[in-house]
Amino acid sequence: MAQSPAPRLPGRHLVQVPGPTNVPERVLRAMAAPTLDHRGPEFATLFQEFMPLLQRVFSTSGPVVIFPGSGTGGWEAALVNTLSPGDAVLTVETGHFASLWAKVAAQFGLDVQTIATDWRSPVNPALVRERLSADAAHAIKAVLVTHNETSTGVTSDIAAVREAIDAAGHPALLFVDAVSSLASIDYRHDEWRVDVTVAGSQKGLMLPPGLGFNAVSEKALAASTGASLPRAFWEWKPVLDQNASGFFPYTPATNLLLGLREALGMLMEEGLEQIFSRHLRHSRAARAAVEAWGLELLCTAKEAYSPTVTAVLLPEGHTDAEFRKVAHDHFGLALGAGMGQLAGKVFRIGHLGDFDDLSLIAALAGVELSLERGGLPHHHGGVAAALDELRASA
Ligand code: PLP
């Protein structure tokens with residue numbers, strides 16, 4: 001017998017997963033445009049308008065390659081453009097996304113060397129330095145780190161990783177996944193001498209999913225000329241060659257790029273510094289709520305608390321699937337699931353992108369109501385604690 005549909009939930013549903021994030025109406029309207037000739041002069045103008053702003057967001061004066069794709073495509077592009085079969089890469093497994101990137105590297109036959117973590121703490125730069133110092137033959141060609149591990153709510157210090165590589169005197173390239181940090185957490189591609197920064201459209205950039213990015217250093221470009229992993233669609237060179245006159249070698253995602261111009265304009269209007277402090281402030285309020293509920297944060301290192309996502313351990317005997325179903329079915333609230341080895345054990349609150357105090361409080365109220373409705377042991381007062389934190393830092 002067919003199941004009867006769930007009764008309609010009135011009101012606006014909240015999607016507070018840590019990406020895709022909410023797309024502002026201005027961006028939606030900018031994308032609702034008639035077909036644009038991607039080989040015509042209007043397109044070249046569009047490209048010339050958004051590219052300098054995009055570079056500002058990455059904090060780079062170098063090229064940013066845009067692909068129709070996602071963060072996963074960006075991971076692959078970083079690897080295939082710079083490396084050759086059998087090359088070694090050093091990864092720090094800070095969580096699910098770091099482990100998925102390592103898996104892509106392994107699928108290309110790269111020799112993946114891993115520094116393990118407990119999935120509750122950031123990259124330890126001292127261990128990176130130790131591993132690189134031991135690699136006297138310089139077999140390791142790239143170090144892969146995730147700036148903000150979306151699966152755990154842990155942020156790593158990329159400047160410190162850069163220093164560790166320098167201190168070891170090692171020539172490895174530095175690749176950083178900034179998928180859930182770009183345009184939300186302070187990020188400096190040039191200053192930290194990152195060789196490839198990987199990002200996607202659907203988080204801090206406030207766009208729908210559909211674009212993958214690689215910001216590329218001169219050193220990475222030089223490596224690409226000698227790299228021999230197979231590549232076609234993800235090859236940087238034809239994109240950069242055509243970008244020089246404002247075009248792409250294939251049909252780009254024109255309407256997403258119209259949205260990108262609008263979203264970048266909005267980021268500039270607010271100001272990147274202001275955006276970074278807004279995310280920090282909201283994350284402090286979210287943690288105040290978790291503490292008041294008497295629940296445990298997954299991240300155990302205070303200095304590494306993520307400004308964009310808070311991962312919370314579920315009380316014994318409860319799973320994220322059951323808790324997220326209560327939030328979804330009763331309150332129209334989508335929360336992030338536990339991923340990989342954390343499946344069943346944590347839920348995640350996303351607080352990034354186009355986000356304000358009221359959105360945060362609504363999401364936290366949804367969590368508090370769901371804790372009660374689901375019968376999970378907790379104390380009341382999380383929302384009140386978050387409000388106090390917001391008031392204190394208004
Ligand atoms: N890296 C991080 C840190 C992510 O959070 C995600 C997705 O959430 C990815 C990579 C994968 O990106 P995508 O899902 O856009 O392929």
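Okay, let's start at the ligand: T72 puts a polar side-chain atom 2.6 Å from one of the ligand's oxygen atoms. I'm calling a pair of N or O atoms within 3.5 Å a polar contact. On its own the ligand would expose 390 Å², and the protein buries 86% of that; those areas are Shrake-Rupley values with a 1.4 Å probe.

Quick caveat before I go on. This is a predicted model, with local features needing pLDDT of at least 70 and side-chain atom pairs pLDDT 80 or more, while totals for chains, interfaces and linings use all residues. Numbering runs from 1 along each chain as its sequence is written, and side-chain values use heavy atoms, with hydrogens and water left out.

So, who's around the ligand? There are 13 residues, and S70, T72, T150, D177 and K203 are the closest; to be near, a residue needs a heavy atom within 4 Å. Helix 3, residues 71-82, gives the largest share of that shell, three residues. By class the shell is eight polar, three nonpolar and two charged, and note that Gly counts as polar here.

Now, where does the ligand sit? The space it takes is the second largest pocket. A pocket is an open set of points on a 1 Å grid over the protein atoms alone, with protein on both sides within 12 Å along at least five of seven lines, and lining residues have an atom within 4 Å of a point. To sit in one, a molecule needs more than half of its atoms within 2 Å of the grid points.

The largest pocket holds about 370 Å³ of space. Its lining has 21 residues, with H147, T155, S156, I185 and E303 nearest the centre. Helix 10 contributes the most to that lining, four residues. The lining splits into 13 nonpolar, four polar and four charged residues.

Last, the cavities, where a 1.4 Å probe fits but cannot get out. There are three of 30 Å³ or more in the whole structure. The largest has a volume of about 60 Å³, and its lining includes T152, R287 and C299. Strand 12, residues 309-313, gives the largest share of that lining, three residues. The second largest cavity has about 50 Å³ of space, with Q16, N22 and H351 among the residues lining it.

Key
Polar contact = N/O pair within 3.5 Å; in protein donor to acceptor, adjacent residues only side chain to side chain. Helix = DSSP H or I, 4+ residues; strand = E, 2+ residues; numbered from the N terminus. Points joined across faces, edges and corners; volume = space filled by probe spheres on them.
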